[in-house]
Amino acid sequence: RWDKLTQLMPWVLGGMELGALVLFGLGDSARTKSPINLTIGVLVLLMIVVFAARIKYGNALVPTSRPVMAGIGVAAGLSTTVSNAAGPLMSIYTTSLGLSKDAFMGTTAWYFLIFNSTKIPIYLLLDALTTGPSIFTARGLTFSLMMLPIVLIGVFLGRVLLNRVSQRAFNWITII
C-alpha cells in the first residue's frame, strides 16, 4: 500500500537523520542503545494496545492521524538506524491498519528494502567520519553472502505458508 508507505516516508527519513546524529555524537554503544530500545519497546506495547482496542472498537482506532504517523515514522527511522529494530514497530503498526496479509507483506517488504538501502550511505558516511570500528566488515559481508541461500529458501517457504494461513491467524502470529 504505497499510500501508507508514502505517508510515513518523510517521518522515517527524519528519524534516520536523528539516528545518524545519535550514532555520530554518542557512538554505537549499549549506553546509546538502551534508552532508545526502551522507547521502542514502549511504542511497540502502545501499538499492541491499539491493535487490541481496534479488535474491540473497530476501525475508529486505526492509527492514521498526522501526529501518530509522525511519531511512528520518526521512531521507526531512529530505531532502524541505531538498533536495526524497526521490525516490531512496523509489524504492529501495519497490522493495526487492518491491511490484508498480502498488502501487509508487500508494504513491509518495500519499507525494509527502501529504508535498509537508504541506511547504506549513512553508515558509509559514519564510517568515514568516525574512528570507531567499521559498520561494514569483510566478515559481515561474507556472512551475509553465506546466508543468501537460506534467505531465498525462507522467501519461498514464506510465500507458500502465507497462502495457507488465515488472515486472523496471520494477524495474531504477527502480534505474537
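These legends walk through several close-up views of a predicted model.

**View 1**
Welcome to the chain as a whole: it holds 7 helices and 0 strands. Followed along the sequence, the pattern reads α-α-α-α-α-α-α. The chain has 176 residues, and 35% of them count as buried.

**View 2. The largest nonpolar core.**
In this view we step inside, to the largest nonpolar core, which has 33 residues. The residues with the most contacts inside this core are L8, V12, A76, M90, Y93, Y111 and I122. Which helices supply at least two residues each? They are α1 (2-26), α2 (30-57), α3 (66-82), α4 (87-96), α5 (101-129) and α7 (167-175). As background, nonpolar side chains tend to be buried together in soluble globular proteins. To pick out one member, look at I122, which is in contact with M16 and A20 once its neighbours within four places in sequence are left aside.

**View 3. Helix α1 alongside α5.**
Here the axes of α1 and α5 come within 11 Å and cross at roughly 20°. An angle under 35 degrees counts as roughly parallel, and α1 and α5 are therefore roughly parallel to each other. The crossing in which α1 passes α5 is right-handed. On the α1 side, the residues that meet α5 are W2, L5, M9, V12, L13, M16, A20, L23 and F24. Their partners in α5 are T107, W110, Y111, I114, F115, T118, K119, I122, Y123, L126 and L129. Sorted by class, this contact of α1 with α5 has 17 nonpolar, 2 polar and 1 charged residues.

**View 4. Helix α1 against α3.**
Stay with α1 and turn to another of its partners. How do α1 and α3 pack, and at what angle? The angle is about 45°, and the axes are 6 Å apart. That makes α1 oblique to α3. The two helices cross in a right-handed way. From α1, the contact takes in K4, Q7, L8, W11, V12, G15, M16, L18, G19, A20, V22 and L23. From α3 come R66, M69, A70, I72, G73, V74, A76, G77, L78, T80, T81 and V82. By class, the residues of the contact of α1 with α3 divide into 15 nonpolar, 7 polar and 2 charged.

**View 5. T81, a residue of α3.**
Now zoom in on T81, whose place is in helix α3. Is T81 buried or exposed? With a relative accessible area of 2%, T81 is buried, since buried means under 20%. Not counting residues up to four places away in sequence, T81 touches M16, G19, A20, L23, K119 and Y123. Of these, M16, G19, A20 and L23 are also among the α1 residues that meet α3, while K119 and Y123 are among the α5 residues that meet α1. T81 and L18 are 63 residues apart along the chain, yet their C-alpha atoms are separated by 8.6 Å.

**View 6. A75, another residue of α3.**
A75 also has its place in helix α3. This residue is buried, with a relative accessible area of 11%. Which residues does A75 touch, not counting those up to four places away in sequence? They are L43 and L89. For a sense of the fold around A75, look for I40: the two are 35 residues apart along the chain, and their C-alpha atoms are separated by 7.1 Å.

View 7. T174 is buried, with a relative accessible area of 18%. The axes of α4 and α7 come within 9 Å and cross at roughly 150°. That makes α4 roughly antiparallel to α7. The crossing in which α4 passes α7 is left-handed. S91, I92 and T95 in α4 meet N171, T174 and I175 in α7. By class, this contact has 2 nonpolar, 4 polar and no charged residues.

Technical notes:
Residues numbered from 1 in each chain as written. Predicted model: local features only at pLDDT ≥ 70, side-chain atom pairs only at ≥ 80, totals over all residues. Heavy atoms only, no water. Core = buried A, V, L, I, M, F, W, Y, C linked by side-chain atoms within 4.5 Å. Buried < 20%, exposed > 50% of the residue type's maximum accessible area, 1.4 Å probe, protein only. Helix = DSSP H or I, 4+ residues; strand = E, 2+ residues; numbered from the N terminus. Contact = heavy atoms within 4.5 Å. Axes fitted to C-alpha atoms, helices over the stretch in contact; angles between N-to-C directions. Parallel < 35°, antiparallel > 145°, perpendicular 65-115°, else oblique. Left-handed = near helix turned anticlockwise from the far one by under 90°. Nonpolar A, V, L, I, M, F, W, Y, C, P; charged D, E, K, R; others polar.
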